[in-house]
Amino acid sequence: MTEPTHFTAGNTPDAPRSDLPGLLQALASDLREVGYTLEGVAELLGESAYAALNRDQPIPALIATEAAAAGEPRTAALAAVVRFWLLAVPQEAEVLDGALPRTRAEGLAALGLAKITGTEVAAEADLRPYGWDAGRNGGVEIWVASDLAAHQRPGVLRHDHVLGIGQASTTLVQTTIRRKAERALDLGTGCGIQTFHLLQHSGHVTATDISERALAFTRFNLLLNAEALDIDPGRPAERVSLRLGSLLEPVAGETFDLVVSNPPFVITPRTAGEAAADQFTYRDGGLPGDDIVASLVRSLPDVLAPGGTAQLLGNWEIPEGSAWDERPQSWAGPDTDAWFIQREQVGPEQYAETWLQDASETRDRRHYQEAYAAYLADFASRNVGGIGFGMVFLRRPAGERRIRRFEEITYPIEQPVGPHLGAAVERADWLAAHDVSAAHLLVAEDVTEERHQRPGAEHPGVILLRQGAGLRRTNLLSTELAGFVSACDGDLTAGQIIGALEALLGGTEGFDGGAFRSGLLTEVANLVRDGFLLPVGPG
Ligand SMILES: C[S@@+](CC[C@H](N)C(=O)[O-])C[C@H]1O[C@@H](n2cnc3c(N)ncnc32)[C@H](O)[C@@H]1O
């Protein structure tokens, strides 16, 4: 793989530099030595200040680190680094020189991470530890640079803001089904968060972005963490290709086994004569309404290898009087496996408030009023009554289409949910290839039954099957389905159990055996699809 010529330099203006390998190595060593790790920061701040900081509330951390910065030298050094980056408090150059002796304040400035004014050094970018449990590969811990966030800087965010690791980033990380992939694509990479994870299970990752600064941050992060991410710093192109360009344009004609994208899906009112520079690139793809998500759902299958999957997050508009999935249904091509899960739905007002707050556009009252009104007028112009948020799974089937599901799940689900989604896809494939009635079924380990009945009643009025793990579904059972489930010990086939139930419950006048069997079999297949019942044995 060759790295495209348009992105090799590592010295993009106004972004961290990645063409200074000696300094990058020095920085990694300094950060490790000063204990700037997830555990080190958590210990320094204490539980409540750490939790507050994770809510973007820096005050308790400021208080906690003030005393530490004047304390014992090792703790003081870490406190200085935490205050400098996480809390964006300028530090004296000599303090940073002591805390990061190989890099020093001058090195930070050379890397584009700091600005020195006299003896004072201010952070030009955020740099923070980030880690995850990589299962059998143990834990991975890295440092991730991004632009300073709203709570770390004054005023409205810069329009070419490079997003750090946010809630949506981790939602996609947790949602991704992590199969081994030869070639993966991270569309709209930002600081590179999805790419770091993809590198754990993909031979090669292509990361794209419309923002040159975003690609520069990603390149910096990849090289600063080359060892942890298993990248040869001398030949990064062997594992990662960074491409500048819009949507699928930089990868036209190529195919991937896995695509992930946390795209700039935030719906934004368009104004006459607006320039790309007026848009918040990190969240706004520049198109009207939810066109960016519609366009990706339509076009992503083109870059999928047969059997390849794409997962993305998105917003969709719900016109007044329409079902939430009417428009998403129309985007998903008839030949593509599609699974949409709507996780949340809000009204236009709440949507406007969330996204104006996100870019600190609430700080100027007049601007806030105008921007809020523009949002409402924009939604009204398309008769939008609600906005949905959710996750999208697409697959280019290797054979026939097997999955087409649009559902709403708004309660808390188990995280990471990716492995559970992966298991659900496997079950859908199994169902397509097998005759359920010939299968021996077992009740899944996490499933419990709940019966509710009126006091004194002879029979339960409601029987529920509940799943403890994954999507935590609940299924309302008919008496015969409850009877079926209770007989699922793997001994008899589904067909045999249904036959036994028919013998037990049938025989009354008007009983339709055929309808009974096929109705029950459909319900049983649904329980298999949703993971309440699992087939035993080969196949
Ligand atoms: C919401 S951020 C996601 C960043 C990161 N992947 C994550 O998961 O946090 C969206 C990214 O898409 C990029 N972007 C915006 N418009 C784009 C376009 N038309 N084509 C490709 N990327 C785009 C932005 O620069 C930004 O980095």
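A: Helices here are DSSP runs of H or I with at least four residues, strands are runs of E with at least two, and both are numbered from the N terminus. By that rule A338 belongs to strand β11, residues 337-346. The model is predicted, so local features need pLDDT of at least 70, side-chain atom pairs count only at pLDDT 80 or more, and totals for chains, interfaces and linings use all residues. Residues are numbered from 1 along each chain as its sequence is written, and side-chain values use heavy atoms, with hydrogens and water left out.

Start with burial. A338 is buried because its relative accessibility is 0%; buried means under 20% relative accessible area, exposed over 50%, and partly exposed in between, with a 1.4 Å probe and protein chains only. F393 lies 55 residues away along the chain, yet the two C-alpha atoms are 5.7 Å apart. Contact means heavy atoms within 4.5 Å. Leaving aside neighbours within four places in sequence, A338 contacts A332, F393, L394, I403, R404 and R405.

I463 sits in strand β16, residues 462-467. I463 counts as buried because its relative accessible area is 5%. L477 is 14 residues from I463 in sequence, with 5.4 Å between their C-alpha atoms. L477 is also one of the contacts of I463, beyond four places in sequence; the others are E449, E450, R451, N475, L476 and A482.

Now a loop. T103 lies between α6 (93-99) and α7 (104-110). T103 is buried too, because its relative accessible area is 4%. Its side chain makes a polar contact of 2.6 Å with the side chain of D30. A polar contact is a pair of N or O atoms within 3.5 Å; within protein, one must be able to donate a hydrogen and the other to accept it, and residues adjacent in sequence count only if both atoms are side-chain atoms. A polar atom of the T103 side chain is also 3.5 Å from the backbone nitrogen of L27. Not counting residues up to four places away, T103 touches L23, A26, L27, D30, L108 and L111.

Next, the ligand. Its shell holds 18 residues, with S169, G188, D209, L247 and Y282 coming nearest; a residue is near if one of its heavy atoms lies within 4 Å. An N or O atom of the D209 side chain is 2.5 Å from a ligand oxygen. A backbone N or O atom of T189 lies 3.2 Å from a ligand nitrogen. For G190, a backbone N or O atom is 3.3 Å from a ligand oxygen.

Some backbone geometry deserves a check. Most residues other than glycine have a negative phi, and most peptide bonds are trans. Q415 and P416 are joined by a cis peptide bond, with omega about -5°. P416 is in the loop between β13 (404-408) and α15 (418-433). A88, not a glycine, has a positive phi of about 55°.

Last, confidence. The average pLDDT is 94, and 98% of the residues score at least 70. Residues 1-7 fall below 50, with 18 contacts beyond near neighbours in sequence. pLDDT is the predictor's confidence in each residue, from 0 to 100. Where it is low, the predicted coordinates should not be read in detail.
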